[in-house]
Amino acid sequence: MDPNYKKLRKHYLKSTKNRDESLSKDWSAFRRVEKKYMARFPPPDLSATLDVRNLSSGSESKATLCTEVAGPSSSPQRIFAFPHIPGLVVLPSFIDEQEQRRLTKWALRDHAKSPNPTNLDIHYHLPPEGLWNQHLSSISNTNTSDCPLIQPRAASSDDRGKPTSGPRELIDNEAASETNFTALRDTPKPEAPSEAQLKPATSTSLIAKLRWANIGWYYHWGTKQYDFTRGKGPINQELESLCRNAVRTVNWETVFSPLEQEFTEWRDWDESYVPDAGIVNFYQTKDTLMAHVDRSEVCATSPLVSISLGNSAIFLIGGTTRDEEPTPIILHSGDVVIMAGPVCRRAYHGVPRILPGTLPNHLVIDPDDEEEWVPYHKYIANSRINVNVRQVFPKGFTPPIASP
Ligand SMILES: O=C(O)CCC(=O)C(=O)O
Ligand SMILES: [Fe+2]
């Protein structure tokens, strides 16, 4: 018997010895599927997952309810829609190989640092050059005793701010809209308390604990609402263009009509879709993202563009309640998912599993700069990065916010 399998079985038997079987009876349809794909033992059967790359050209899969729709005649880009979740689109390999490396570098080196908050800022005094740049300096420095230590922040009186194992918790927040905007804006957004008894740590050890970095409007995790009083962080222009191009690539008429004739906003998206917020999610191979709906944006129907980099993942997307069984979709490095329109933007979704050992070859070596890529390869070999970009306000809408 494979020693790793033996270890997993032993752990499984031990952890399930006193399990209360009645608990799982109350699981929603989403939770059941989530649990299935999260299971460490026995490892899940992936045969029911959908990998659009395996669908032959022009195919329509009844079992998976996925349809290939026509893309722009000038490009070989394939586009998949899901009529049972109108507004969901998968663009396989939308990001080319070089751009995937560029985005990986951007996420770690240029973005996960001040002024963009990360999950670690609450707990540590991060270096101004960013965790990644300090990590690069320390690995190029042969004298390990010179590695600076990052100091924890003074512990607060309680430890409610303890970092959790994933970037999200299972709490439903109130959906934002133009009507409740002022109330949500004025809801107090206290600073999260830092964890007690943390020890000073090296940047190299903290890189593995990086879970998210904010893009644009600042998100307040405690209330799960944006904190507009802080103003707006920068949005990378190339990322913005890439997301706008992804939205423009789709012929939305083939996605929404004739299913949702009363929804016509998509007609303006070529111009009106301008992202202004988002998050970069960093997943180590054991990390998961629980079922949730992203409903903090005032624009409740505008496209959310989600880019996958690194190892592949299982992405679950269901309906507007947890009682609808989600569709399991395999996302690979370079794939773009768009969630748009009133149904899809309110659909529960999550990432129950990262698939280790699925790093594509073009993220192993950078033919243009082999040396520089080495530390990025080392990181991404055991990780997945998701760049999740949203539009909080409709274009031209000036929110009633005093300048910070
Ligand atoms: O990692 C992913 O593919 C999804 C991330 C996500 O749903 C989110 O950041 O809201
Ligand atoms: Fe999400």
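A: Start with the shell around ligand 1. Ile279, Asn281, Leu289, Asp294, Ser306, Phe315, His349, Val351, Asn386 and Asn388 surround the ligand. This is a predicted model, so the picture is computed throughout.

Four of its residues are nonpolar, five are polar and one is charged. Asp294 is the charged one. Ile279, Leu289, Phe315 and Val351 are the nonpolar ones.

Next, the strands. Three of them each give at least two residues to the shell around ligand 1: strand 10, strand 16 and strand 17. Strand 10 runs over 277-284, strand 16 over 349-355 and strand 17 over 383-390. Ile279 and Asn281 fall in strand 10. His349 and Val351 belong to strand 16. Asn386 and Asn388 sit in strand 17.

A record covers this stretch. In an unreviewed entry, UniProt lists residues 273-393 as "domain: Fe2OG dioxygenase". That span is 40% strand and 12% helix.

Step back to the whole protein. It has 17 strands and twelve helices. Its radius of gyration is 22 Å, close to the 22 Å that the globule rule gives for 404 residues, so the protein is as compact as a globular protein of that length. The C-alpha trace spans about 65 × 65 × 55 Å along its principal axes. Of the 404 residues, 37% are buried.

Definitions and conventions: Residues numbered from 1 in each chain as written. Chains lettered and ligands numbered in written order. Predicted model: local features only at pLDDT ≥ 70, side-chain atom pairs only at ≥ 80, totals over all residues. Near = placed C-beta within 6 Å. Helix = DSSP H or I, 4+ residues; strand = E, 2+ residues; numbered from the N terminus. UniProt positions renumbered as here; feature names shortened; annotations may be inferred. Rg over C-alpha atoms; globule rule 2.2 N^0.38 Å. Buried ≥ 20, exposed ≤ 12 C-beta atoms within 10 Å, placed from the backbone.
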